[in-house]
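Hi,

Here is the structure I said I would pass on. Have a look at it first, and then read on for what turned up.

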Amino acid sequence: MSVRRIEVGEIEIVSLTDTAGPFFTYSGAYPATPRETWDPFRARYPEYFAGEDALFTRVGCFLVRAGDRTVLVDSGIGPGPVALFGHSRGQLVEELASCGVAPKDVDIVFLTHLHPDHVGWNLTSEGTPTFPNARYVASRADWEVFHRPEVKAAMEALVPGCVERDVTPLAGLGVLDVIEGETDLLPGIRAFPTPGHTAGHMSLHVTSGSQQALILGDVFHHPAQVPVNEICIAFDMDTAAAIQTRRRIVEWASREGMPLAGCHLLPHGLGRITRRDGVPVWEAL
Ligand SMILES: [Zn+2]
């Protein structure tokens with residue numbers, strides 16, 4: 001049975017799924033990865049293979065509860081329908097309600113990065129914050145990169161409105177906190193840079209008592225990237241940095257044996273990295 005929530009000492013991490021489906025192909029999402037690279041992983045991780053070339057993808061977010069504070073990590077594809085994700089409509093608000101959390105209860109929306117499948121629920125159709133009492137936290141590097149004309153145009157071509165409608169207004173609304181480097185969001189919840197997928201991609205190190213976990217955003221999209229760090233999704237902006245970040249996280253996470261959370265991993269994005277005959281392996285919780 002798979003696990004949807006974990007406890008890290010006194011802090012709780014709950015997986016939320018905004019949408020899921022066979023939205024992409026392996027050849028399209030991983031154009032530089034030869035087909036045979038995937039073969040060893042088909043039997044071990046069949047849930048990621050919806051057909052010969054069809055890639056099953058989940059778009060997830062995480063709820064982190066620490067005492068009376070509530071953090072939402074990423075905000076999914078949004079209410080949609082979003083053509084890039086099979087014209088699906090995000091379920092995040094219902095997912096939060098199933099955990100007893102209303103939008104007004106969220107204190108911090110932490111954006112691991114600013115890709116369209118992580119910012120979709122930031123604002124309502126009226127342009128007001130979906131989470132009216134929250135501070136929205138993004139990295140300075142991503143804020144700057146996603147507002148470069150060529151990057152913004154590329155993102156808007158993927159999902160119309162994903163920068164101008166879903167991200168840019170956060171600053172004018174006065175709800176945005178831009179951070180750089182390691183930054184404590186709350187006691188036991190520290191943001192740290194994990195660059196590569198985007199220039200300013202950040203993850204969270206959660207610690208409570210003697211326990212710890214990492215919420216990794218899009219450091220890994222597929223469990224094959226745990227032993228083969230060189231597999232890069234087409235959306236990795238800086239492949240060399242992304243590979244280096246995966247290598248660093250694999251070393252750290254396998255040494256510590258700590259639970260990990262990834263936005264696109266199945267079934268709930270929670271797992272850990274163990275070693276079999278010295279080879280690092282993703283094991284879902
Ligand atoms: Zn993503």
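Let's begin with the metal. Four residues coordinate the zinc ion: Asp117 through OD, His118 through NE2, Asp218 through OD and His264 through NE2, at 2.1 to 2.3 Å. Please keep in mind that this is a predicted model. The angles among the 4 donor atoms run from 86 to 173°, and the site of the zinc ion is irregular. For comparison, four tetrahedral donors would ideally sit at 109.5 degrees.

If you want to find the donor residues in the sequence, look for the spacing D-H-x99-D-x45-H. Asp117 is in the loop between β5 (108-110) and β6 (135-139), while His264 is in the loop between β12 and β13, so this pair ties together parts that are 147 residues apart in sequence. Are Asp117 and His264 buried or exposed? Asp117 has 8% relative accessibility and so counts as buried, the cut-off being under 20%. His264 is buried too, with a relative accessible area of 5%.

Next, the sheet. It is an open one of 7 strands with mixed pairing, in the order β8-β9-β10-β11-β12-β13-β14.

Last, the aromatic rings. Counting rings whose centres lie within 6.5 Å as a pair, I get 10 aromatic pairs. One of them is Tyr26 with Phe49: the ring centres are 4.7 Å apart and the planes are at 5°, so the pair is stacked. Tyr26 belongs to helix α1 (residues 26-29) and Phe49 to the loop between α2 (35-44) and β3 (54-66), so the pair ties together parts that are 23 residues apart in sequence. Tyr26 and Phe49 are both buried. There is also an aromatic cluster, formed by Phe23, Phe24, Phe85 and Phe235.

Cheers

Definitions and conventions
Residues numbered from 1 in each chain as written. Predicted model: local features only at pLDDT ≥ 70, side-chain atom pairs only at ≥ 80, totals over all residues. Heavy atoms only, no water. Phe/Tyr/Trp six-rings, centres within 6.5 Å; stacked < 30°, edge-to-face > 60°. Helix = DSSP H or I, 4+ residues; strand = E, 2+ residues; numbered from the N terminus. Buried < 20%, exposed > 50% of the residue type's maximum accessible area, 1.4 Å probe, protein only. Pairing = 2+ DSSP bridges. Donors = N, O, S within 2.8 Å, 3.2 Å for Na, K, Ca; no water. Tetrahedral: all angles 85-135°; square planar, octahedral: opposite > 155°, others 65-115°.
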